[in-house]
Amino acid sequence: MHLTHLECPRCGREHPADVLQNLCGCGSPLLARYDLAAVAATVAPERFGLRPADLWRYRELLPVADPRCVTTLGEGWTPMWRAPAYGHEIGISDLIVKDEGLTPTGSFKARGASVGVSRARELGVRRIAMPTNGNAGAAWATYAARAGMGATIAMPLAAPTICREECLAAGADLRLIDGLINDAGRDIAELIAGSDGAIFDAGTLREPYRLEGKKTMGYEIVEQLGWQVPDVILYPTGGGVGLIGIHKALHELRELGWVEDRLPRLVAVQSTGCAPIVRAFAAGQERVTPWEDAHTVAFGITVPAPLGDELILSALRDSAGTAIAVDDAEILTDLRDFAAREGLLLCPEGAACLTAARHLRAGGWIRPGERVVVLNTGAGLKYPGLVQGGAPS
């Protein structure tokens, strides 16, 4: 393992990586840092193709030293599907969908859970707790069970029913909250405060290793394209860990010398019913103001005030990217149209990225001939009823 320390992107303070850490004292999430020169001297990119087709193929760039602590169900190395029919319809000739719906728990959250649980296990954690919009809780409950670890999950009553059932099946202590994810977060904060250190806070960006699992999407995109970067990557953005992780991965790859200097433009996609990042980006702000009365059919991106707002906004500006909000009715229309044309049923969050790509191409922000990657972050089958056009009841 080449992990050296944890770093605060806000105040610059370094923290040891060999003890449990949550946020920096200044309130910022922490980022894992590696001896990338040592990584480059140890492994060449062409060697990854000889390894198993999961995210642990990138083990030199992940934070787990003891292979006995690796908790895995084969997550990662999800396919990249070309979408020529739909792409032709919206004017994007080179449109690719990376389908995270084929991970073990049916969403990209399995990546963060695998690495986050593995590292927590290595550092001696016995029980984790977290708020969730659904898929993250299902993934962490599943991987915690596989690691022999307890899990307490708080999720809104309106979260997809299948996520609730996944948590229960994994033996988690499930708390259903009449409210949004921030309300679930307050419930978990009270639980942890009263646990005398017996419960570890694994909430979004409240520990540094979920991000390390998510960043492997960035590695895979580049490797699957023959160690080339696309022009644009669109990501549905709630808590934003996936977008932050992809941005981190791209910079690590550039520092390793495995890609050239030009990096993709990143796009944060939100719903018009909950768009704090879009509003802050348009106003040139570094932090968001909480979104009032948040609601969208793309439930996974219903995050009124993401903890990682500074990191999301920084990634967009650093990559010359943008942020865009799309309407729920258009999301559902594009979800159905894409399935009919390409035979792939996306989750609503993934469909939101299609809607965003269509608008950005029509407005000229995406240029002719550019290679565009859309992240489908979960399996459409987790959202029964949406093809008929209605929001979940």
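L345 counts as partly exposed because its relative accessibility is 30%, where buried means under 20% relative accessible area, exposed over 50% and partly exposed in between (1.4 Å probe, protein chains only). The model is predicted: local features need pLDDT of at least 70, side-chain atom pairs count only at pLDDT 80 or more, and totals for chains, interfaces and linings use all residues. Residues are numbered from 1 along each chain as its sequence is written, and side-chain values use heavy atoms, without hydrogens and water.

**Surface around L345**
- L345 lies in the loop that joins helix 12 (328-342) to helix 13 (348-362); helices (H or I, at least four residues) and strands (E, at least two) are DSSP runs, numbered from the N terminus.

- Three strands form an open sheet in the order 2-1-3, with antiparallel pairing; two strands pair if DSSP finds at least two bridges between them.
- Strand 2 (14-15) and strand 3 (31-34) are the edge strands, each pairing on one side only.
- Four bridges link strand 1 (residues 3-7) to strand 3 in the antiparallel sense; L6 stands opposite A32, and H5 has R33 as its bridge partner.
- Strand 1 and strand 2 are antiparallel over two bridges, with E7 opposite E14.
- Six residues separate strand 1 from strand 2 in a hairpin, and G12 in the turn has a positive phi of about 85°.

**Annotated domain**
- UniProt, in an unreviewed entry, lists residues 72-378 as "domain: Tryptophan synthase beta chain-like PALP"; such annotations may be inferred rather than shown by experiment, with positions in the numbering used here and feature names shortened.
- Residues 72-378 are 43% helix and 17% strand, and their end C-alpha atoms are 18 Å apart.
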